[in-house]
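Visitor: I am new to this structure. Could you show me how to read it?

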Amino acid sequence: MAANPAGRHLGDPAIGLLEAAILADGRGVTRYAEDFLFRSPSTVHKWRRGDSPIPILIKRMLSPQPLIEFTPQAGGDDG
């Protein structure tokens, strides 16, 4: 089986969000990876290069959008 081409996931907008989070944190990639994401720094470097996909849970954490949008249903028991 052939290896994934380098940078296969470079178009992922979450890479920019990850970069911004690392810069805002100020600790650098290694400390951010180990202390905040609980991941190996090499894994985070692979995400930044687009060599491997960023897991959905990490993407959701980085996303500026709300994770849950509640819309009450009409005719509910609340009145």
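Visitor: What covers the buried residues of α1?

Guide: Helices here are DSSP runs (H or I, at least four residues), numbered from the N terminus, and contact means heavy atoms within 4.5 Å. The cover of the buried residues of α1 includes α2 (29-37), α3 (41-49) and α4 (56-62). This is a predicted model: local features need pLDDT of at least 70, side-chain atom pairs count only at pLDDT 80 or more, and totals for chains, interfaces and linings use all residues. Residues are numbered from 1 along each chain as its sequence is written, and side-chain values use heavy atoms, leaving out hydrogens and water.

Visitor: Which residues of α1 are buried, and which are exposed?

Guide: Buried means under 20% relative accessible area, exposed over 50%, and partly exposed in between (1.4 Å probe, protein chains only). In α1 the buried ones are Ala-14, Ile-15, Leu-18, Ala-21 and Ile-22. Seen down the axis of α1, they fall within an arc of 125° (taken from the directions from the helix axis to the C-beta atoms), so they line one face of the helix. On the other side, Leu-23 and Ala-24 are exposed.

Visitor: Which residues have the most contacts inside the largest nonpolar core?

Guide: A nonpolar core is a set of buried Ala, Val, Leu, Ile, Met, Phe, Trp, Tyr and Cys residues joined through side-chain atoms within 4.5 Å. The largest has 14 residues, and Leu-18, Tyr-32, Leu-37, Val-44, Trp-47 and Ile-54 have the most contacts inside it. Two or more residues each come from α1, α2, α3 and α4, with the largest share, 5 residues, from α1.
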